[in-house]
Amino acid sequence: MSLLKVENLCSGYGKVDVLFGISFSLSEGKSLGIVGPNGVGKSTLLKTIAGEIVPKSGVVSLLGEDITGKKPEDIVRLGLSLVPEGRQIFSGLSVTENLLLGLTGRKDKSSSKIALEQVKALFPVLNTHAKHQAGMLSGGQQQQLAISRALLSAPRVLLLDEPSLGLAPNVILDVFEKLKEIIANKTAVVIVEQRAHLVASFADQTIVIRDGQIQATLSSADAKNQELLRGAYFGPGS
Amino acid sequence: MQAVLDAISLGGTYALAALGLGLVFGVLKLVNFAHAELITIAAYIMVITNDLPLVVSFLIAALSATALAVLTELTVYRRLRGTGPAIMLIASFGLSVGLQKSFELIFGALPRSAAVAPWMTGSIEMANLNITIASLVTVGLTIFILLAMGYLVDYTTLGLQLRAASADFKTARLLGVRSNRLITSSFAISGVLAAFVGFIVVVENPQVEPMFGLNITILALVGIVIGGISSLRGCALGGFIVGFILSVLNTYLGNARVYAYSYLFMAVVIILLVRPGGILSKGNEMERV
């Protein structure tokens, strides 16, 4: 059964339509990449799935339950967590306080302590800086904090918006290595990325969005074909 | 000594009013002008129920102010959420005026008066100084409430969620912070704080009329601007500074006290010129990325 199913999703901002009939599904322990040029609606798609934007039409289902139009605070409790673009950590709060906030959306509070230990084991740097102000962490460390915070709600589906944004190449590889561990733990992961080649070679499947619609669906094997990826990304004649 | 105590007492009172305003602003980005009416309703109830034991009278006043705060959130602000800050601000103005007129209809346009806690108007001798009991109680009460608020904000889950929501409500919701519950809680706490302010003010000025809480709310708003509207500590500090300066000016200006507000606002302008974002504005925070 699909953990996450998106059917004919149309979304936008007020009278401005951004997405037109997006559909895909994602199973346990699988990853989906979403790529496309700037302004095509990649982040809008994640925000709509996570409940930040109410869709104009279409259905989003999580574990078989219709979550279309539900509030973000309810969706996270149902098992879907979003790491927003730009990380959006609470820079004035400590690393520990940021992590504690991640537990807010967790259903099973009795295992909170264990979950905290698990994310600290996955990202040991957070342990070192536990009492530091989160705004003082480096970009890579902040990204790790943002992912950890999202993981603490015990999501079955994790959405990541531009996890490589502003990070050095070696740090990006570190982050993607950690994502592999998260996926191995049976969490389904959706990654929106500007770096099309990086995510296409990482994810089990990648969809290319242009003009608010899915232009192509690529497997990880297809991602090696630069021509195919470029064609889907920039359109015919590129 | 009495002058210093009075200044601390008035500063503390304004700090509580500013804290109530700051709490709601933090989560809703709304300057709630109707906070004045929360202070007023608490003062009215204290006057009306002054024949009851003080604790009972205060509990009824606090419940009334809290209920009114929550009611305004549920019936007005919640429905307008997402319409934009200008509409919310105008709604808060409208609500404030509407409540004043309602008070006029219910309690009359003339001031309602009764000695609330008359024992507090007396004075005691300490180290050859004559100190009013009201000042001592106000200072003690304010310190207690500020410490309690500090504990709530710094050491409880609700406080952590309030701080997170003040910084970035969208992200807080993505993490599971329940927006309605948090906003209603903020209004409820602001109602309790308003009740304390109403009580403190009505003890020294037992003439309650429909605009009773307006002056202190406007000055508390000035306080949250100079303290730093983005931080609860800043709000409390700003409120304290405004009250403190006003009290000192009233004491030392003698016949020229009519100019107290001019000097106060001059001080405010100077503070804002030096620290445009307020004394404890977030601009102070170092951020690496």
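In this predicted model, 27 residues of chain A are in contact with 21 residues of chain B. Three helices of chain A, α2 (72–78), α3 (95–102) and α6 (139–151), each supply at least two residues of the side that touches chain B. By type, the residues on that side of chain A divide into 11 nonpolar, 11 polar and 5 charged.

Chain A contains 9 helices and 10 strands. Its C-alpha atoms fill a box of roughly 55 × 40 × 35 Å along the principal axes. Buried residues make up 46% of the 238 residues in chain A. Among contacts in chain A with a separation of 6 or more, 68% are between residues 24 or more positions apart.

Chain B has 11 helices and 4 strands. Along the principal axes, the C-alpha trace of chain B spans about 55 × 45 × 35 Å. A compact globule of 289 residues would have a radius of gyration near 19 Å, and the 19 Å of chain B agrees with this. Of the 289 residues of chain B, 48% count as buried. Residues 24 or more positions apart account for 73% of the contacts in chain B with a separation of 6 or more.

Chain A holds an open sheet of 4 strands. The strand order is β2-β1-β4-β5, and the pairing is antiparallel. The edge strands of this sheet are β2 (16–26) and β5 (65–66), each of which pairs on one side only. Strands β1(A) and β2(A) pair over 7 bridges in the antiparallel sense. Within this pair, Leu4(A) stands opposite Leu26(A) in β2(A). The hairpin of β1(A) and β2(A) has 2 residues between the strands. In that hairpin, Gly14(A) takes a positive phi near 60°. Strand β1 (residues 4–13) of chain A is also joined to strand β4 (residues 57–62) of chain A, by 5 bridges. These two strands run antiparallel. Here Lys5(A) stands opposite Ser61(A) in β4(A).

Positive phi values also occur elsewhere in chain A. Most residues other than glycine have a negative phi. Ala154(A) is not a glycine, yet it has a positive phi of about 55°. Ala154(A) is found in the loop between α6 and β7 (157–161) of chain A. Ala154(A) counts as buried because it has 20 C-beta neighbours inside 10 Å, and 20 or more is the cut-off for a buried residue. Asp211(A) is not a glycine either, and has a positive phi of about 55°. The place of Asp211(A) is the loop between β9 (205–210) and β10 (213–219) of chain A. With 14 other C-beta atoms within 10 Å, Asp211(A) is partly exposed.

Helix α7 of chain A covers residues 169–184 and has 16 residues. The helix reaches 23 Å from its first C-alpha to its last, close to the 22 Å expected at 1.5 Å a residue. Just after α7(A), Lys186(A) takes a positive phi of about 75°.

The largest nonpolar core has 157 residues. Of these, Leu159(A) and Ala42(B) touch the most other members. In soluble globular proteins, nonpolar side chains tend to be buried together. Beyond its neighbours within four places in sequence, Ala42(B) is in contact with Ala61(B), Ala62(B), Ser64(B), Ala65(B), Ala194(B), Ala195(B), Gly198(B) and Phe199(B).

One of these partners, Ala65(B), lies in helix α3 (residues 54–80) of chain B. Ala65(B) is buried, with 33 other C-beta atoms within 10 Å. Leaving aside neighbours within four places in sequence, the contacts of Ala65(B) are Leu38(B), Ile41(B), Ala42(B), Gly191(B), Ala194(B), Ala195(B) and Gly198(B). Ala134(B) stands 69 residues from Ala65(B) in sequence. In space, the C-alpha atoms of Ala65(B) and Ala134(B) are 22 Å apart.

Conventions: Residues are numbered from 1 along each chain as its sequence is written. Chains are lettered from A and ligands numbered from 1 in the order in which they are written. This is a predicted model: local features need pLDDT of at least 70, side-chain atom pairs count only at pLDDT 80 or more; totals for chains, interfaces and linings use all residues. Two strands pair if DSSP finds at least two bridges between them. Two residues are in contact if their C-beta atoms, placed from the backbone, lie within 7 Å. Ala, Val, Leu, Ile, Met, Phe, Trp, Tyr, Cys and Pro count as nonpolar, Asp, Glu, Lys and Arg as charged, and the others, Gly among them, as polar. The radius of gyration is taken over C-alpha atoms; the globule rule is 2.2 Å times the number of residues to the power 0.38. A residue is buried if 20 or more other C-beta atoms lie within 10 Å of its own, exposed if 12 or fewer, and partly exposed in between; C-beta atoms are placed from the backbone. The expected span of a helix is 1.5 Å times one less than its number of residues. A nonpolar core is a set of buried Ala, Val, Leu, Ile, Met, Phe, Trp, Tyr and Cys residues joined through C-beta atoms within 7 Å.
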